[in-house]
Amino acid sequence: MSTSLLVTDACLYLDRGLEIPNGWIRLENGRVAGYGAMTTPAPQAARVLSAGGRLVTPGMVNAHHHMYQNLTRAYAPVVNGTLFEWLQGLYPLWATLDEESVYLSSYIAMTELLLGGCTTSMDHHYVHPRPRLIDAQIKAARDIGFRFHATRGSMTRSVKDGGLPPDSVVQSEDVILEDSERLIGLFHDPNPGAMTRVALAPCSLFSVSETIMKESALMAERHDVRLHTHLAEDHDEDVYCREVYGCTPTEYFERSGWASHRSWVAHYIYPTGDEIDRLAHKGVCAAQCPCSNMMIGGGSADAMDLRRRGMKVGLGCDGSASTDHASLWLEARMALLLGRYRNGPHSMTARDALDMATRGGAACLGWEDEIGHLRQGACADLVIWQLPAVSRAGALSDPVEALLRCAPATAWYTIVNGRVLVSEGQPCQSGLETVLRDHERAARRMQKLD
């Protein structure tokens, strides 16, 4: 059955270089069917929604996240720790993860992302104390109607092997590879307009074996899926790679067969200029996580320099336990502030940050043909933004700059695959109250507060 939705009276940001100050956009059967200025007749549709002059953009694309970590938001014992101290303090708590807690945390994370203007997200789930945890995430995405790119994360190096995590959250190479094959076969949808895809994502160079890095690259090539990992995030990682592998993190990444168009990396804070150039030339993308990087105080990638060198850069919320939020709007705003703070007021515009949050994230997921923009035929994923009247008062000349300069902005409507999932600022999920109650119970149990 044909389903159509017409959004009218909108300030349209459709893609970089394609804006209509007062226009309409028509969605049909999960696709952008057309758009135009309000001075031209708008087509008919089964439902008409007036944006009331609000800004409409493509749905944002979250290129790095750890959804399960919202079970340990603002966990007091580790809030002032370094990255490694933070991880060592939280791994024992995360060892209690099960299917129910992963479902609940994923459901909450996806709902929060929708409220922050995100319509597609990956998740880097690398803690597997029990089986079928990725399955639980995909169930949450399907229950909500969220576009989801799951990644099968992994760790093999525990404390006894010189790594950081306890034995309870690492797995053998055989178990990881077998489950990766299972998830790709069961859930990865390579077809246009897919709602679920799967990538392979060993956690980090210091938490998995060289065998897993190399075998994951070979499996990704065999099944035509993408690859993701953390890279060059912390100075301790440089020390570790020098001592264990005799090279830099980027050199080890290349040596493992990961320097290809299939790969995107999280953070990428401490490479050399030559290393950036090499990976950019190979088509590797990067996800900057401004809020998380600043919260931990470990530095942040120079996103505009990466872009100037030819690397496509997206944005990520990262784990809720370090950032304690899942708003891609906030990440875009902070990317803008961080870029200008670092390189001066002429270095970055709101459109640059918005491009990273949309096109850049889509490129990281290998999905730039269909998401991250609203050109004809794109997936029907869009956001109608809401700024409080007091916050936007006086912002009359440039609504795109106002989106990230004025605050706070939230999604008034979020539409995924042509379906309204946030309406007038409220999530449309009927079971949310029950999920919130169950999530609190699971979080209290994990934090040993019961």
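This is a predicted model: local features need pLDDT of at least 70, side-chain atom pairs count only at pLDDT 80 or more; totals for chains, interfaces and linings use all residues.

User: What is the phi of Tyr-268 near?

Analyst: First the general idea. Most residues other than glycine have a negative phi. Now the case here. Tyr-268 has a phi near 45°, which is positive, and the residue is not glycine.

User: Peptide bonds next. Is the one from Ala-407 to Pro-408 cis or trans?

Analyst: As a rule, most peptide bonds are trans. The bond from Ala-407 to Pro-408 is cis, and its omega is near 0°. Pro-408 belongs to the loop that runs between α15 (399-405) and β17 (410-416).

User: Now helix packing. At what angle do α3 and α4 pack?

Analyst: Read the angle, then the distance between axes. Helix α3 covers residues 133-144 and helix α4 covers residues 173-187. They pack at about 20°, with axes 11 Å apart. An angle under 35 degrees counts as roughly parallel, so α3 and α4 are roughly parallel to each other. The crossing of α3 past α4 is right-handed.

User: Which residues of α3 and α4 meet?

Analyst: From α3 come Ile-134, Asp-135, Ile-138 and Arg-142. From α4 come Arg-182, Leu-183, Leu-186 and Phe-187. By class, this contact of α3 with α4 has five nonpolar, no polar and three charged residues.

User: α4 also packs on α5. How do their axes cross?

Analyst: Helix α5 spans residues 210-223, and its axis comes within 11 Å of that of α4. The two cross at roughly 20°. α4 is therefore roughly parallel to α5. Here α4 passes α5 in a right-handed crossing.

User: What meets what between α4 and α5?

Analyst: On the α4 side are Glu-173, Ile-176, Leu-177, Ser-180, Glu-181 and Ile-184. On the α5 side are Thr-211, Ile-212, Glu-215, Met-219, Arg-222 and His-223. The contact of α4 with α5 divides into five nonpolar, three polar and four charged residues.

User: Take another pair. What is the angle between α2 and α16?

Analyst: Helix α2 (residues 99-115) and helix α16 (residues 432-446) pack at about 125°, with axes 9 Å apart. That angle makes α2 oblique to α16. Their crossing is left-handed. α2 brings Glu-100, Ser-101, Leu-104, Ser-105, Tyr-107, Ile-108 and Thr-111 to the contact. α16 brings Leu-432, Val-435, Leu-436, Asp-438, His-439, Arg-441, Ala-442 and Arg-445. The α2 contact with α16 holds seven nonpolar, four polar and four charged residues.

User: Salt bridges now. How many are there?

Analyst: The test is a side-chain nitrogen of Lys or Arg within 4 Å of a carboxyl oxygen of Asp or Glu. By that rule there are 35 salt bridges. One of them joins the side chains of Arg-351 and Glu-19, at 2.8 Å from N to O. Arg-351 lies in helix α13 (residues 350-364) and Glu-19 in strand β2 (residues 18-28), so this pair ties together parts 332 residues apart in sequence.

User: Last one. Which residues does UniProt list for a domain?

Analyst: Treat such a label as an annotation. The unreviewed UniProt entry gives "domain: Amidohydrolase-related" for residues 55-392. Then look at the model over that range. Residues 55-392 are 44% helix and 17% strand. The end C-alpha atoms of this stretch are 12 Å apart.

Terms used:
Residues are numbered from 1 along each chain as its sequence is written. Side-chain values use heavy atoms; hydrogens and water are left out. UniProt positions are given in the numbering used here, feature names are shortened, and annotations may be inferred rather than shown by experiment. Helices (H or I, at least four residues) and strands (E, at least two) are DSSP runs, numbered from the N terminus. Axes are lines fitted to C-alpha atoms, for helices over the stretch in contact, and angles run from 0 to 180 degrees between N-to-C directions. Angles under 35 degrees count as roughly parallel, over 145 as roughly antiparallel, 65 to 115 as roughly perpendicular and the rest as oblique. A crossing is left-handed if the near helix is turned anticlockwise from the far one by less than a right angle, and right-handed if clockwise. Contact means heavy atoms within 4.5 Å. Ala, Val, Leu, Ile, Met, Phe, Trp, Tyr, Cys and Pro count as nonpolar, Asp, Glu, Lys and Arg as charged, and the others, Gly among them, as polar.
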